[in-house]
Amino acid sequence: MIPESFLNELKYNTDIEQVIGRYVQLRRRGKNLTGLCPFHSEKTPSFTVYPDTQSFYCFGCGAGGDAITFLRKIENLDYLDAVRELARQAGMTVPEGALEDTGRQLRTRLLELNREAARFFHATLMSDAGREGRAYLIGRGLTQKTVTRFGLGYAPESWDFLLRHLRGKGFSDEEAVAASLAVRGKNGGCYDAFRNRVIFPIIDLRGGVVAFGGRNLGDKGPKYLNSGDTPVFKKSRNLFALNFAKNTKRQELILCEGYMDVVSLHQGGFDNAVATLGTALTQEQAKLISGYTNTVVLSYDSDGPGQAATKRAMAMFQDTGVKVRVLSIPGAKDPDEFIKKFGAQRFELLLEGSAGAMDFEISRIRQNHDLETPEGKVGFLRDFVELMAGVASPIQREVYVSKVCRELEVDKQAVTLQLESALRRRKSGREKREARELRPFTAGQASAKTDLEKQRNPKCVLAEERLIAYLIRSPDGWGWVKERLRPEELVSDRDREIYVAVAQLLEDGRAADMMSLSARLDEDNMARLSEILASPGCENISAREAEDYISTLKSFHTRKTDEEVGSLEAEEWKRYIASIAAKKKTGG
């Protein structure tokens with residue numbers, strides 16, 4: 001259990017704007033801040049941060065909560081790990097014993113196991129058993145300093161070389177499987193996941209070894225093998241070498257396809273290079289990059305798959321506010337090969353001359369058409385118009401349309417008309433798509449129940465929303481509210497759970513703030529609470545209004561159905577009619 005005193009100190013040392021600002025580009029709008037939601041795809045900002053309540057809420061997908069809830073969702077952490085990370089950001093240390101739970105213990109063990117495996121792989125590389133691995137790395141031009149800096153290692157061709165070592169260090173086979181370093185066979189036994197491979201440890205921003213990549217030195221198996229997702233690693237949310245690149249003095253980050261490209265670039269003096277981890281760039285990785293730079297240079301291979309990856313990456317960065325440049329690598333397949341052939345100085349010149357993303361796209365379209373023929377021009381302009389229709393900035397569209405029309409000597413008005421038609425089609429399609437995409441985010445079982453209650457009893461659900469907001473903003477009112485309203489008199493199950501959590505804190509003399517409530521409520525209920533606090537009319541509720549809301553809820557429970565009234569005895573019926581008349585006189 002985390003001490004209340006620690007949570008209070010953490011609360012005072014945490015600014016939700018700074019926490020979320022590491023992942024989302026926020027813009028101030030009055031006293032609040034808005035940005036594009038990191039939890040669903042959108043073009044128009046619907047994600048709002050509320051500094052006064054230290055909460056966030058997305059009006060698009062319904063995500064909401066406090067700083068802890070945000071870290072849980074964005075980093076895929078449980079509650080205790082999110083507290084630990086928030087404490088680290090605030091320069092605090094979580095009290096010993098506060099995070100002793102089964103999940104935390106497993107993650108701690110896996111990090112220890114990964115660190116021991118990384119040391120063992122590196123020691124093996126430097127030993128007689130690592131001759132083949134050393135020969136490969138020397139052949140790729142890597143120095144001893146670079147090998148040591150990245151902690152590169154080697155896994156020999158053996159079924160249990162690593163497992164035997166880990167067992168000797170007190171780790172179980174189950175833990176090795178959980179860390180994605182071992183595989184369980186059909187007969188129930190275990191064997192090493194990495195065999196006859198040069199090993200690239202993957203280190204997170206906190207300095208922990210979270211996973212591994214392995215380059216095959218033989219003919220069997222895939223060229224590169226990467227750790228699967230584990231309790232300490234999500235490949236879609238990590239980048240190779242970002243632990244080094246985050247400290248670069250250069251203005252941009254270079255995004256590469258593979259480990260060797262990154263290692264070679266760092267050795268050449270480009271300490272701003274990073275790479276994805278065996279998958280195409282993900283939205284989470286694009287968001288992560290946007291927290292460290294305003295410009296990214298795409299340095300993918302020049303072959304077909306590399307160019308396709310470049311196009312996908314440009315689309316990923318479109319909504320992050322990051323400017324994209326694309327590196328053309330003449331005379332070489334990738335950055336690693338170019339630096340070996342021509343040196344780091346020539347690569348620096350390539351970086352300086354890298355083209356903007358739009359110029360790159362237009363150049364690609366040009367290559368597909370013969371602009372010396374009328375048919376080629378028509379085909380090019382058709383593809384060009386579709387490209388421009390996907391550009392959000394009207395100014396950028398105007399600049400490139402004018403430029404291309406001048407170069408091809410075509411009527412700008414005709415191209416503009418085609419572009420306007422394409423923009424209308426895109427807008428219609430986007431609206432339909434976004435409407436479809438929002439359903440999975442808002443149709444959860446818990447929220448569906450609340451929505452059903454809203455349909456059945458909108459007045460009561462509104463009353464309990466306002467009452468919860470009143471207690472959070474005016475805790476002094478708890479003394480009289482608890483005398484008037486019992487939890488079972490709320491009509492919505494979710495709101496009742498929130499009301500009980502708020503009541504428990506206030507009854508103990510504690511503030512019912514978002515961080516205290518996040519220790520008692522799950523993510524769905526925290527989102528619901530954020531929705532309540534973000535609702536119009538919930539900011540300044542008076543005690544008189546709160547009394548009216550209580551009356552609304554109590555009257556709901558005293559109403560009887562026609563069937564119930566019909567079954568009343570004579571005396572009961574008279575008392576029921578009298579109570580209705582009394583309420584009408586008092587306006588109840």
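## The antiparallel sheet

Five strands make up an open sheet with the order S1-S2-S3-S4-S5 and antiparallel pairing, where strands are DSSP runs of E with at least two residues, helices are runs of H or I with at least four, and both are numbered from the N terminus; two strands pair if DSSP finds at least two bridges between them. Strand S1 (27–29) and strand S5 (64–65) are at the edges with a single partner strand each, so one side of each has no neighbour in the sheet. This is a predicted model, in which local features need pLDDT of at least 70 and side-chain atom pairs count only at pLDDT 80 or more, while totals for chains, interfaces and linings use all residues. Residues are numbered from 1 along each chain as its sequence is written, and side-chain values use heavy atoms, with hydrogens and water left out.

S1 and S2 are joined in the antiparallel sense by 3 bridges, and Arg29 stands opposite Asn32 in S2. Strand S2 (residues 32–35) is in turn joined to S3 by 3 bridges, again running antiparallel, with Leu33 having Val49 of S3 as its bridge partner. On the other pairing of S3, 4 bridges link it to the antiparallel strand S4 (residues 55–58), and Val49 stands opposite Phe56 there. S3 and S4 form a hairpin with 4 residues between them, and Gln54 in the turn has a positive phi of about 55°.

## The two faces of S3

In a regular strand the side chains alternate between the two faces of the sheet. Strand S3 (residues 47–50) is covered on both faces, since Phe47 and Val49 on one side and Thr48 and Tyr50 on the other are all buried, where buried means under 20% relative accessible area, exposed over 50% and partly exposed in between, with a 1.4 Å probe and protein chains only.

Asp204 belongs to the loop between strand S9 (197–203) and strand S10 (209–216). Asp204 is buried yet has no salt bridge, the nearest side chain of opposite charge being that of Arg206, 4.0 Å away; a salt bridge is a side-chain nitrogen of Lys or Arg within 4 Å of a carboxyl oxygen of Asp or Glu, and for charge Lys and Arg count as positive and Asp and Glu as negative, with His and the chain ends not counted. A polar atom of the Asp204 side chain does, however, lie 2.8 Å from the backbone nitrogen of Gly208. When residues up to four places away in sequence are not counted, Asp204 touches Val210, Asn238 and Asn243, a contact being heavy atoms within 4.5 Å.

Thr282 is located in the loop between strand S13 (273–275) and helix H12 (283–290), and its relative accessible area of 15% makes it buried. The Thr282 side chain reaches the backbone oxygen of Ser236 at 2.6 Å. Apart from neighbours within four places in sequence, Thr282 is in contact with Ser236 and Met316.

Leu239, in the loop between strand S11 (224–226) and helix H10 (242–245), counts as buried at 3% relative accessibility. With neighbours within four places in sequence set aside, its contacts include Leu255, Val274, Leu277 and Leu288. The C-alpha atoms of Leu239 and Ile202 are separated by 8.1 Å, although these residues are 37 residues apart along the chain.

Ile339 is placed in helix H14 (residues 335–342) and counts as buried at 15% relative accessibility. Residues up to four places away in sequence aside, Ile339 touches Ser264, Leu265, Phe270, Ala344 and Phe347. Asp261 is 78 residues apart from Ile339 along the chain, with 9.5 Å between their C-alpha atoms.

## Helix H17

Helix H17 (residues 374–389) has 16 residues and reaches 23 Å from its first C-alpha to its last, close to the 22 Å expected at 1.5 Å a residue, where the expected span is 1.5 Å times one less than the number of residues. Among the buried residues of H17 are Gly376, Phe380, Phe384 and Leu387. An α-helix has 3.6 residues a turn, so residues three or four places apart point the same way.

Most residues other than glycine have a negative phi, and most peptide bonds are trans. Ser180, which is not a glycine, has a positive phi of about 70°; Ser180 is in the loop between helix H9 (173–178) and strand S7 (182–184) and counts as buried at 19% relative accessibility. Glu409 also has a positive phi, near 55°, in the loop between helix H18 (394–408) and helix H19 (412–442), but Glu409 is exposed, with a relative accessible area of 72%.

Terms used: A polar contact is a pair of N or O atoms within 3.5 Å; within protein, one must be able to donate a hydrogen and the other to accept it, and residues adjacent in sequence count only if both atoms are side-chain atoms.
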